[in-house]
Amino acid sequence: IDESIVRRLCRGMRVLTPRDQASMEWLAQRGFAERSVVIPDIVLAMPLLLPEYYEGSSDRTRDGLGISAADYSFARRCGEKELQEYIENLAATALAFHRRRGGIIRLFIQVSLPGSDDDQRMVDLLARRLLTADVPVEIIGPEGGLSGYLAAISKCSVFVGSRMHACIFSMTTATPTIGLAYQPKFRGLFQHIDLDDWVTDIAFDPS
């Protein structure tokens with residue numbers, strides 16, 4: 001049903017702008033290649049389109065690790081066991097980073113729609129795990145707005161993101177960014193900008 005709806009929509013559009021090569025190939029296989037062109041996510045252009053959000057971000061001293069943790073069950077079948085393993089893997093990564101490099105661990109809540117798609121629970125679980133190990137933690141939520149979110153990312157030495165747009169925000173602040181992909185579009189983003197080796201599956205090995 002989904003595919004028939006998408007085909008009908010594609011037939012009615014003059015131009016199609018898939019975000020990655022895999023989507024482009026999907027369209028080409030269905031006869032839409034001539035009217036399709038790959039255009040990566042427009043959020044990558046934010047420093048040009050909305051430069052006011054980046055004022056002074058390059059002057060900040062960087063320290064610590066940023067993590068965008070997500071309950072990815074909205075997009076991929078997984079149970080509580082997989083989510084707990086995911087939190088343990090993120091905690092192991094943060095602990096290893098803190099022991100080697102020091103600094104604070106900043107945890108980012110990008111989406112918070114209780115009962116639907118909510119990062120808050122994952123962030124709270126990870127924060128408790130890290131605080132138990134005496135690792136300093138700061139939680140960055142939506143209340144500071146996009147400028148506050150970007151400013152906090154730009155303070156990080158490295159950013160690990162399970163939200164695709166959190167990774168894009170990080171890239172726009174020139175922060176080294178590791179993506180934990182829960183969908184093909186996520187990998188496609190990194191591949192399109194020649195960062196294939198900076199993305200891995202969300203069920204990752206912390207080593």
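Two strands pair if DSSP finds at least two bridges between them. Helices (H or I, at least four residues) and strands (E, at least two) are DSSP runs, numbered from the N terminus. This is a predicted model, in which local features need pLDDT of at least 70 and side-chain atom pairs count only at pLDDT 80 or more, while totals for chains, interfaces and linings use all residues. Residues are numbered from 1 along each chain as its sequence is written, and side-chain values use heavy atoms, with hydrogens and water left out.

The sheet is open and has 6 strands in the order β5-β2-β1-β6-β7-β8, with parallel pairing. Its edge strands, β5 (137-140) and β8 (199-201), each pair on one side only. On average, neighbouring strands of this sheet are turned by 20 degrees against each other, direction ignored.

Within the sheet, β6 (residues 158-161) and β7 (residues 177-181) pair in the parallel sense over 3 bridges. Across this pair, F159 stands opposite T177 in β7, and G161 stands opposite G179 in β7. Burial is set by relative accessible area: under 20% is buried, over 50% exposed, and in between partly exposed (1.4 Å probe, protein chains only). In β7, 4 of the 5 residues are buried, so the strand is largely enclosed by the rest of the structure.

Helices lie across these strands. Their axes are lines fitted to C-alpha atoms, for helices over the stretch in contact, and angles run from 0 to 180 degrees between N-to-C directions. Contact means heavy atoms within 4.5 Å. Helix α4 (residues 80-101) lies across β1 (65-68), β2 (105-108), β6 and β7, and runs at about 170 degrees to β1. Helix α7 (residues 164-172) lies across β1, β6 and β7, at about 170 degrees to β7.

What is S170 in contact with, leaving aside its neighbours within four places in sequence? The list is I153, F159, T175 and T177. S170 is buried, with a relative accessible area of 0%.

Helix α7 also packs against other helices. Angles under 35 degrees count as roughly parallel, over 145 as roughly antiparallel, 65 to 115 as roughly perpendicular and the rest as oblique. Helices α7 and α8 (residues 184-192) pack at an angle of about 20 degrees, their axes 10 Å apart, and are therefore roughly parallel to each other. Here α7 contributes M164, C167, I168 and M171 to the contact, and α8 contributes K185, F186, L189 and F190. With α6 (residues 145-153), the axes come within 9 Å and cross at roughly 65 degrees; α6 and α7 are therefore roughly perpendicular to each other. That contact is made by L146, Y149, L150 and I153 of α6 and A166, F169, S170 and T172 of α7.

The cysteines remain. A disulfide is a pair of cysteine sulfur atoms within 2.5 Å, and by this rule the count is 0 disulfides. For C78, the nearest cysteine sulfur, that of C167, is 18 Å away. C78 is partly exposed, at a relative accessible area of 22%. For C156, which is also in no disulfide, the nearest cysteine sulfur is that of C167, 12 Å away. C156 is buried, with a relative accessible area of 0%.
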